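Let's take a walk through this model together, starting with a covalent link and then moving on to a pair of helices. Have the sequence and the 3D view side by side as you read.

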Amino acid sequence: MGYLVGTVGAVVALCYFAAHPVTYVFWFAGFLSVLALAVAQHTKIGALALAATGLCLLLFPWLVLRYTSLQPSIEAGSAAHVHLLLLCGANPNELRQHDTPLIAAVRGCRADIVEELLRHGADPNGRSSAFMNSTPALFDAARMQCPMSMVGLLLRYGADPNQRNNGGETALFHAIRFGELENTRQLLQAGARINAKSKTGETPLDVARQVNYQALETLLRAPTAP
């Protein structure tokens, strides 16, 4: 009977563990206390039931969360859930819905989640699927304005500023095309090549002329540009 109660408790615990990590800790302690009192009259059976329940409450949710996708938590903007899943061993380089968790976090402008993923082994050069033009996270970061620079964060963790997509473009092309002066400057400082050519033969300077952004042209023509 005690083991059955423990099994049911483990299923309920999974719901708390996935939705409310902090609440789970208190629920876990309370449930064990109640179970201990319920089986206190049967010492041997009580000890076994208590041990089995504790093991289920700890291992069952951990095993489930280890193989849970990070994408829904990232899309919901829940840094706490992302942290919990990563602690349980979730794969930071999974490729679901055509994007990696890192790309999803960059698109959401969540520097805290981006750094959390990078610290847990996310590949800063990981690409989206071929369906999405096989684009690295740095490309999305290059075209965005966020409170904290995604470009600088990715470069700090080893992103390659000269990595190309299927069209032969680098992140520098995207930064210029979207008029992101600061992102362009950071990419140039990291060694992005201004003479890189896409498959259509365009260079970053050609793109700067197309968007008619004088400050970008000036930056690209500076003697310090690589």
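C109 and C146 form a disulfide in this predicted model, with their sulfur atoms 1.8 Å apart. A search of the whole structure turns up 1 disulfide. If you look along the S-S bond of C109 and C146, the torsion is about -90°, so this disulfide is left-handed.

Where do the two cysteines sit? C109 belongs to the loop between α6 (101-107) and α7, while C146 belongs to the loop between α8 (137-142) and α9 (150-156), so the pair ties together parts that are 37 residues apart in sequence.

Are these cysteines buried or exposed? C109 has a relative accessible area of 23%, which makes C109 partly exposed. C146 comes out at 19%, and because buried means under 20%, C146 counts as buried. Another cysteine to find in your view is C88, which is buried with a relative accessible area of 4%.

Now follow the chain to the helix pair. Two packed helices are described by the angle between their axes and the distance between the axes. Helix α5 (residues 79-87) packs with helix α7 (residues 111-119) at an angle of about 5°, and their axes are 10 Å apart. Angles under 35 degrees count as roughly parallel, so α5 is roughly parallel to α7.

Which residues make this contact? From α5 come A79, V82, H83 and L86, and these meet D112, I113, E116 and L117 of α7. Sorted by class, the contact of α5 with α7 holds 5 nonpolar, 1 polar and 2 charged residues.

Notes:
Residues numbered from 1 in each chain as written. Predicted model: local features only at pLDDT ≥ 70, side-chain atom pairs only at ≥ 80, totals over all residues. Heavy atoms only, no water. Axes fitted to C-alpha atoms, helices over the stretch in contact; angles between N-to-C directions. Helix = DSSP H or I, 4+ residues; strand = E, 2+ residues; numbered from the N terminus. Parallel < 35°, antiparallel > 145°, perpendicular 65-115°, else oblique. Contact = heavy atoms within 4.5 Å. Nonpolar A, V, L, I, M, F, W, Y, C, P; charged D, E, K, R; others polar. Disulfide = S-S within 2.5 Å. Buried < 20%, exposed > 50% of the residue type's maximum accessible area, 1.4 Å probe, protein only.
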